[in-house]
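The sequence and the structure are shown first.

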Amino acid sequence: MATGGGRRGPERQGPERQGVDRRAVLAGATGLAGYALTGAGAARAASPRVEALIARMTVEEKAGQLSCYSDMIRPPVGDINPLVNQRNTQQILVDIRAGRVGALVNGVGVEGALLAQTAAVEQSRLRIPLLFAADVIHGFKTIYPIPLAESASFDPGLAERTARAAAVEASSYGNHWTFAPMVDVARDQRWGRGAEGSGEDVFLGEVMAQARVRGFQGRDLSAPDSLLSTAKHFAAYGAVAAGLDYNTVDISEETLREVHLPPFKAAFDAGCLAVMSAFNDINGVPATANRHLLTDILRGEWNFKGVVISDYTADQELVAHGYAADDKDAARLAILAGVDISMQSGLYSRYLPELVAQGLVPMAAVDNAVRRVLSLKETLGLFDRPYRSIDPKAQAANTATPAMRALSREAGARSIVLLRNDGGLLPLPVRGRKLALIGPFGEDRDNILGPWAFFGDKSLGVDLATGIREAMADPSQLIVARGCDVENPIPGGYDQAVAAARAADVVLLAVGESQNMSGEAQSRTEIGLPRAQQQLAELVAAAGKPTVVLLRHGRALVLEGAVKAAPAVLATWFLGTETGHAVADVLFGKVNPSARLPVSFPHESGQEPYAYNHRTTGRPAPQADDSQEYKARWRTTRNEALYPFGHGLSYTSFALSDVRLSTTRLAWNDKLSITVNVANTGKVAGEHVVQLYIRDRVASRTRPVRELKRFVRVALKPGERRDVRFSLERGSLMFVGDNDRWIAEPGMFDLWVANSAVDGLTASFELLGA
């Protein structure tokens, strides 16, 4: 057993250091058969077929296999990315036949895929098949909740099912590869791309990453309905300064390894064979030229056998970073760092032959990258079946099926978090009350799908008004008033909204963000409601009617005034195709809400970055009855969340009791079992998410105030109670210590079996030395 960092504390000084080698912890078994690393970034022989191809390829053809371009043969409707290096259909076909293209991205339809693949495997010299990739983030034609919303379900099985359904639909349109899941840990809610991930917690991020990889890829990567997954963005994109997209990252190696890398490793352990480099730099070195990340850690420590693809033109952006002198230098830096595939910039095709000829890039580096790409294509079955996933009948049969729509509805309802329900206002009866649906999202269908759903069929979308009417016994009892637009008032809108509120028994206030306020390049300095909507809420509240707030959003929001004070508040996120039905299912009690927050809702925007699992300080946040002076607090608010991570209510009630530990002295190589009794103390059946948190009391590095380590969903009938069991072992107690090593240290640990990150039943145990 290797030694690690020491443990220090007031009780004792300098006890025995005990740890484990990080390589033993991080090494995984994922990879391509017959292709292994002999050192960081070096590769030995792949299959005879791949090696024979490499031996025959010109350096120009090798560069072509390392180049991915936007699919202008079958471009989707809408603007996906800036039109950088756009090529028309005929030029792309010419380049494919010449061996200058290895992959195409974001195309739609089997007809164009057939045209492109025919050019590759029947009209090019070496007949190497193309890879067809697409940004299938949370659905294809049928859209499911944004990943952040789905993570609120705390149900990895649900995430696996929606990813599987998305893969079936997307692969039916001729695609082999998706640039998902995003596994970045997002601690700053100002960052718009948090909508694509699993929130602020490392463990939840690991679990959801693995579920989505399993779902996208299925059991056989060569199957027609399999989508190769891509863990992105490597790495620490969720730590950009001030939550500003594409911004810089200054971070310790310990935080990088403890917080931002584990979900990637989890994805690779689940079989993910692609990773995308990030736009950001890390401590001054852009991720796309970061050999420490892409070679030393990824391939050296983790033994990753798959491919690295740059983000969209990220290699070319090394020049703007001030890290590369020009485009040619950028290509050199990216390939030497470990980027196998250049996306969209064309730098590899343009400059790799020249760089090799001048001795600035070894041919071995190019060959290693080509070997990984060709081995991946072989694993996907493309050499044996190049027209895999190009089937018009499958495309027709697997588009927006009834099962897919039902899954979208189920996933939507299971992702809705009941934040507040004073007086039991919810669920609403389906008859006997007149409802006023007020706000810019009542009848809106343009903001249903959410960000990163540009393949989605908007005509399938169910708006709130439609879903609610269909659930009501008398649809005429629903009044709809827009009130205002998302960011601006409209003539007469406020007056119409107030009149509707006065005429109703209950107000449904549909407010929040438009889908273009979350996602890439949508960082916000203030994460509350736009002023026009806040004013609408205040005026409607003055009518004095019970109000249910239906939030639409892609991040945690700051809630103020009438929105914060409303008796019932639902976090409904962006739920996808079946939004209206999913919300109605929860509103009227057809579905009992069971989701939990994957992000902390702050009191004020100025608290960001904020996460429940922050480290403690020498002057920790005081208790309510303690002095507030000279403590870790803000002048205007306490150092806590309005709604904490893990929070979520139900239409029933649950009680935790009788926490039991199998031992209070955990031996170095043993397991600790934790048992708690969970009871449904309410009147309806429901599901509860029981959460297990720990804290290392004294360590050689200051530790978070709490860390989620396990969770379990339990379904109980009224009056039913059941024991729930968790298991912990030393590996769950580890952290990064000296010399970037994962270590565990003997000592006392506190644990909480809880309903959220701020409550729970407590116990403690001691980890003994080896």
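A521 lies in the loop between β16 (506–512) and α20 (531–541), where helices (H or I, at least four residues) and strands (E, at least two) are DSSP runs numbered from the N terminus. The model is predicted: local features need pLDDT of at least 70, side-chain atom pairs count only at pLDDT 80 or more, and totals for chains, interfaces and linings use all residues. Residues are numbered from 1 along each chain as its sequence is written, and side-chain values use heavy atoms, with hydrogens and water left out.

Although A521 is not a glycine, its phi is positive, about 65 degrees. Most residues other than glycine have a negative phi, and most peptide bonds are trans. A236, in the loop between β7 and α9 (253–260), also is not a glycine and has a positive phi near 65 degrees. A236 is buried at 1% relative accessibility, whereas A521 is partly exposed at 46% relative accessible area; buried means under 20%, exposed over 50%, and partly exposed in between (1.4 Å probe, protein chains only).

Two peptide bonds are cis, as tabulated below.

| Cis peptide bond | Omega | Place of the second residue |

In helix α14 (residues 347–357), the buried residues are L347, Y348, Y351, L352, P353, L355 and V356. Among the elements that cover them are α3 (59–65), β3 (67–70) and α13 (327–337). Just after α14, G359 adopts a positive phi of about 75 degrees.

Note on methods. Contact = heavy atoms within 4.5 Å.
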